[in-house]
Protein chains: 4
Amino acid sequence: MAFLEVSILPVGTGSSSISSYIKGAINEIEEEGLKYTITPTSIVIEGDIDTLLEISKKLHKKSLERTNRVVINIQIDDRTDKTVTIDRLVETARM
Amino acid sequence: MAFLEVSILPVGTGSSSISSYIKGAINEIEEEGLKYTITPTSIVIEGDIDTLLEISKKLHKKSLERTNRVVINIQIDDRTDKTVTIDRLVETARM
Amino acid sequence: MAFLEVSILPVGTGSSSISSYIKGAINEIEEEGLKYTITPTSIVIEGDIDTLLEISKKLHKKSLERTNRVVINIQIDDRTDKTVTIDRLVETARM
Amino acid sequence: MAFLEVSILPVGTGSSSISSYIKGAINEIEEEGLKYTITPTSIVIEGDIDTLLEISKKLHKKSLERTNRVVINIQIDDRTDKTVTIDRLVETARM
């Protein structure tokens with residue numbers, strides 16, 4: 001199970017707000033039925049690497065339908081020695 | 001109010017686990033009395049830029065006390081046109 | 001034309017060096033005949049988004065053949081209003 | 001010796017170009033006499049952690065003088081077992 005943390009930054013819009021881009025991304029992720037969580041600075045999605053990069057492509061293309069330029073930051077954390085879930089990761093950090 | 005998202009990656013330890021580094025960071029952040037939230041891939045801290053970079057330095061130096069090499073990823077999101085809090089950001093994304 | 005900046009961090013290898021992972025990535029990128037440049041902290045690859053995410057998947061899977069856990073950081077910068085190249089971007093910043 | 005990779009993204013400026021922000025950052029870095037290199041997606045600066053976080057603060061504050069919101073991405077790579085320079089890192093990756 002891999003985790004993909006994604007933040008989407010439209011460049012060149014006339015607004016300081018990016019929440020509509022975040023909401024658009026959440027709609028796409030929910031349409032795919034993926035497990036995710038929202039953080040103050042990104043969205044973290046759970047899945048295998050193929051699925052995660054596929055949704056990244058979709059979010060990227062959707063953003064470019066609305067702005068001339070977009071910068072997307074992605075962090076992928078993947079391990080083969082243990083199965084971990086989004087909830088489990090946050091719990092472990094709190095123990 | 002700025003937000004700093006930080007992930008700490010020790011390089012060269014013999015373990016795939018980094019949770020002890022995350023817990024160490026949380027202790028430091030709590031010692032400073034800062035407001036934070038844990039995500040599956042990072043810690044997000046709220047504060048002014050001086051405070052946020054000061055705690056980043058502390059987390060960095062603490063990590064290097066335990067490993068020969070560390071890679072720290074930081075995203076700072078700061079705006080002057082509106083006051084936002086960690087909780088408010090997550091709420092807005094969910095609306 | 002999009003740009004993908006990728007850094008590959010194996011976790012738990014017991015060695016502070018990651019250069020063999022970087023060299024492995026460069027071999028993969030060259031096999032695909034993609035235009036790239038090496039920076040002190042990452043590799044920047046030029047291409048369309050489909051190609052860039054495809055090579056990211058390959059680099060990710062190759063890394064996990066050698067270590068139990070890997071964290072990959074990606075920044076994608078893409079714009080539709082102008083065609084830019086790796087060389088042009090660096091030149092513009094220097095003018 | 002640590003390396004700090006920084007990318008500066010103004011949000012809501014109405015322009016897809018960020019080169020003036022990159023040039024402004026380069027002027028600040030040169031004023032401090034720091035060694036740096038420009039990549040297609042960021043600036044990489046060499047120095048000790050205190051100096052690197054100090055210049056990050058300066059770049060952050062300078063950016064907010066010109067836009068209501070800025071997102072700054074930073075990757076710090078630091079090791080105590082070996083002294084490495086910007087040039088040496090790129091050379092090693094090419095060998």
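This is a predicted model: local features need pLDDT of at least 70, side-chain atom pairs count only at pLDDT 80 or more; totals for chains, interfaces and linings use all residues.
Here, contact means heavy atoms within 4.5 Å.

View 1. On the chain C side, 23 residues are in contact with 23 residues of chain A. Local features need pLDDT of at least 70 and side-chain atom pairs count only at pLDDT 80 or more, while totals for chains, interfaces and linings use all residues. Residues are numbered from 1 along each chain as its sequence is written, chains are lettered from A in the order in which they are written, and side-chain values use heavy atoms, with hydrogens and water left out.

**View 2. The area buried between chain C and chain A.** Together they bury about 2300 Å², with 50% of it on carbon and sulfur atoms. Buried area here is the accessible area (1.4 Å probe) that two parts lose on being put together, summed over both.

**View 3. Salt bridges between chain C and chain A.** The rule (a side-chain nitrogen of Lys or Arg within 4 Å of a carboxyl oxygen of Asp or Glu) picks out six of them across this interface. One pairs D77(C) with R69(A), at 2.6 Å from N to O.

**View 4. Strand β4(C) alongside β4 of chain A.** Strands are DSSP runs of E, at least two residues long, numbered from the N terminus, and two strands pair if DSSP finds at least two bridges between them. β4 (residues 69-79) of chain A runs antiparallel to β4(C), and eleven bridges join the two. Look for D77(A), which sits opposite V71(C).

Key:
Helices (H or I, at least four residues) and strands (E, at least two) are DSSP runs, numbered from the N terminus.
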